[in-house]
Amino acid sequence: MLTLHYHPLSSYCHKVLIALYENGTPFTPHLVDLGDPAQAAALKALWPMRKFPVLEDRARGQVIAESTPIIDYLGLHYPGHATLVPAAPALAFEVRRWDRFFDLYVHEPMQKIVGDKLRPDGQKDPFGVAQARATLATAYGVIEAHMAGKEWATGAPFTLADCAAAPALYYANLVQPIDLPHTAAYHAHLLARPSCARVLDEARPYFHMFPG
């Protein structure tokens, strides 16, 4: 039995949920409230870094942390009809390259901006936020050039790279609106994907908690 320890607002959890929904993989969702000491301690016992998502595979006695390794693990042991990382090495390289791009240059600066909103007065980091906004602006420009004439991040089909892009761009757009046509069109195309739309629908009751 697979259990996903997660929170519905977490962008990295969205990434894994999209992969699970793309393949219709059976799993049990376990919502973790890190504000609850007992729940936080239980997550830490599974994964000392105390970050989600964490996939617990009781059948195989495995605990896998971090979004990309979880999706790789699912592809290895619980494959479905959607191959999110192509078998061909050159195509797999492109998918992984863009997965890292969205995680490092969209996800991370977005989280820096959001995280700063949670800091108490006197402990804000305006310089760091300015750097994060500059990184996002540059990343939008890279995506704009790359996505011209493409349906998905690496052309077709939908892959791991798109699983990373969907939540990263969704939240990034909330804190720094996307105003480039190809990037905006790709973002809209992701939002219309059933797996991505389902993740956002499930997160909707929690959106009031989002500080952005």
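The second largest pocket in this predicted model has a volume of about 210 Å³. A pocket here is an open set of points on a 1 Å grid over the protein atoms alone, where a 1.4 Å probe fits, with protein on both sides within 12 Å along at least five of seven lines. Its volume is the space filled by probe spheres set on the points.

Because the model is predicted, local features need pLDDT of at least 70 and side-chain atom pairs count only at pLDDT 80 or more, while totals for chains, interfaces and linings use all residues. Residues are numbered from 1 along each chain as its sequence is written, and side-chain values use heavy atoms, with hydrogens and water left out.

Who lines that second largest pocket? There are 16 lining residues (those with an atom within 4 Å of a point), and Ile71, Leu74, Gly75, Ala82 and Leu84 lie nearest its centre. Helix 3 hands over the largest share, 4 residues, and helix 1 and helix 3 each supply at least two. Helices are DSSP runs of H or I, at least four residues long, numbered from the N terminus.

The largest pocket has a volume of about 1000 Å³. Of its 30 lining residues, Ser10, Ser11, Tyr12, Phe52 and Gln111 are the closest to its centre. Helix 4 (89-117) gives two or more residues to this lining, as do helix 1 and helix 3; helix 4 gives the most, with 8 residues.

Here's how the linings split by class. Ala, Val, Leu, Ile, Met, Phe, Trp, Tyr, Cys and Pro count as nonpolar, Asp, Glu, Lys and Arg as charged, and the others, Gly among them, as polar.

Now for the helix packing. Helix 1 (residues 11-23) and helix 3 (residues 67-77) pack at an angle of about 15 degrees, with their axes 9 Å apart. That makes the two helices roughly parallel, a label for angles under 35 degrees. Axes are lines fitted to C-alpha atoms over the stretch in contact, and angles run from 0 to 180 degrees between N-to-C directions. On the helix 1 side, the contact (heavy atoms within 4.5 Å) is made by Tyr12, Lys15, Val16, Ala19 and Leu20, and on the helix 3 side by Ser67, Thr68, Ile70, Ile71 and Leu74.

Helix 4 and helix 5 (residues 126-147) pack at an angle of about 145 degrees, with their axes 9 Å apart. Their contact has 14 nonpolar, 3 polar and 3 charged residues.

Key. Parallel < 35°, antiparallel > 145°, perpendicular 65-115°, else oblique.
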